[in-house]
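Dear colleague,

Please find below the structure that I am handing over to you. My findings follow directly after it.

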Amino acid sequence: MNTSSETATPNASATNKKIDWIELLISAALPLAVLLLALFFFYKVPVFMTWRNGINITVQIASLMTIAVPCAMLLMAGKVDLSVGSMLALCGVVAGISFDHLGVSGTVILTLGVGLLMGLINGTLVSVMGMSPIIVTLGTLTLMRGLAQWIAPNPVFGFPENFALLGYGRLWGIPYLTWIMLAVLMLGVLVMRFLPVGRRIIAIGINERAAYLAGVRVRFTGLMLYAAVGVATALASLMTVARINSAPSGTLGVGVELTVLTAVLLGGIPFTGGKGSVLRVALALWLLGMLGNGLVLMNVQSEMSLMITGAVLVLAAALDIIRTRRNS
């Protein structure tokens with residue numbers, strides 16, 4: 001008996017060490033991928049590793065980051081929103097046609113209000129009425145895209161100069177869009193790391209029923225998370241419209257939901273929720289931004305860029321499955 005136990009103990013210890021190494025490898029994969037990708041693009045296109053190009057990447061991912069931060073918090077609570085791309089289009093179109101009637105301040109308030117309303121509709125259907133988040137947000141994705149195209153069948157452009165300044169203006173040499181992105185990121189980190197609501201979000205993702213019995217306002221928290229996604233998406237629509245100086249209802253925001261979901265999964269948040277880090281999601285989005293920017297600098301065709309992004313999404317889904325199986 002003793003011999004058997006002594007034999008079993010080292011084996012168990014060895015297994016644990018092996019599992020720890022696998023976990024360490026999974027945790028280090030993202031920063032390692034960022035480093036290797038940066039070195040690769042620097043080798044291929046030296047201009048890639050310049051301050052100016054780094055700023056360009058932050059501008060390209062600013063709108064996505066603004067949406068990804070609340071979406072990451074939502075997924076930590078075990079919910080998902082697939083309608084953000086169409087919501088961005090709807091808010092952008094509303095902003096585009098409102099400037100002539102409401103001015104810049106009124107347009108910004110109206111656009112944020114539309115985003116809040118769309119978020120509350122998703123939140124009510126999912127968190128209050130208990131409907132499937134995937135089915136609901138797929139439905140609102142189609143609904144909002146159709147509504148945007150009905151409101152403005154043709155692209156809207158020609159915005160006031162003081163609004164367009166948001167898209168190209170700078171403060172201390174850094175674009176306004178980058179400052180907004182950093183502010184949203186810091187707010188997300190503050191909420192998840194230092195405020196009680198961050199622990200409640202994680203508790204809901206781990207076990208919604210147990211969180212409810214522990215006194216967490218599960219439905220209200222879910223509703224507020226969807227509302228936050230709506231407001232953030234409306235803000236991102238203003239940033240996008242200002243940057244491209246146009247609001248095409250048919251193409252604005254197309255594929256945003258897939259990019260955001262890729263960044264969230266690649267950042268280590270399981271699809272079932274219960275844990276995760278906003279900063280790792282930001283790092284994952286930076287990786288995707290580097291990938292897109294580097295491929296453009298290398299003159300790679302846009303079709304190839306789409307294929308590589310899709311492959312990254314599949315990789316992110318595979319990592320999510322590996323983590324889920326290891327946890328179970």
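This is a predicted model: local features need pLDDT of at least 70, side-chain atom pairs count only at pLDDT 80 or more; totals for chains, interfaces and linings use all residues.

Cys 91 has a relative accessibility of 0% and therefore counts as buried, the cut-off being under 20%. Cys 71, at 8% relative accessibility, is likewise classed as buried.

Leaving aside residues up to four places away in sequence, Met 73 touches Gly 188, Val 191, Met 192, Ile 201, Leu 225 and Val 278. As general background, nonpolar side chains in soluble globular proteins tend to be buried together.

Helix α10 (residues 256–266) deserves a separate note. Ten of its eleven residues are buried, so α10 is largely enclosed by the rest of the structure. The buried set consists of Val 256, Glu 257, Thr 259, Val 260, Leu 261, Thr 262, Ala 263, Val 264, Leu 265 and Leu 266. Just after α10, Gly 268 adopts a positive phi of about 100°.

I turn next to a helix pair. Helix α5 (residues 161–168) packs against helix α9 (residues 218–244) at an angle of about 95°, and their axes lie 7 Å apart. This angle makes α5 roughly perpendicular to α9, since it falls in the range of 65 to 115 degrees. On the α5 side the contact involves Phe 163, Ala 164, Leu 166 and Gly 167. These meet Leu 238, Met 239, Val 241, Ala 242 and Arg 243 in α9. By class, the contact between α5 and α9 has seven nonpolar residues, one polar and one charged.

Finally, what is the place of Asp 100, and is this residue buried or exposed? Asp 100 belongs to helix α3 (residues 84–128). Its relative accessibility is 72%, above the 50% cut-off, and Asp 100 therefore counts as exposed. Asp 100 and Pro 160 are 60 residues apart in sequence, while their C-alpha atoms are 8.8 Å apart in space.

Yours sincerely

Terms used:
Residues are numbered from 1 along each chain as its sequence is written. Side-chain values use heavy atoms; hydrogens and water are left out. Axes are lines fitted to C-alpha atoms, for helices over the stretch in contact, and angles run from 0 to 180 degrees between N-to-C directions. Helices (H or I, at least four residues) and strands (E, at least two) are DSSP runs, numbered from the N terminus. Angles under 35 degrees count as roughly parallel, over 145 as roughly antiparallel, 65 to 115 as roughly perpendicular and the rest as oblique. Contact means heavy atoms within 4.5 Å. Ala, Val, Leu, Ile, Met, Phe, Trp, Tyr, Cys and Pro count as nonpolar, Asp, Glu, Lys and Arg as charged, and the others, Gly among them, as polar. Buried means under 20% relative accessible area, exposed over 50%, partly exposed in between (1.4 Å probe, protein chains only).
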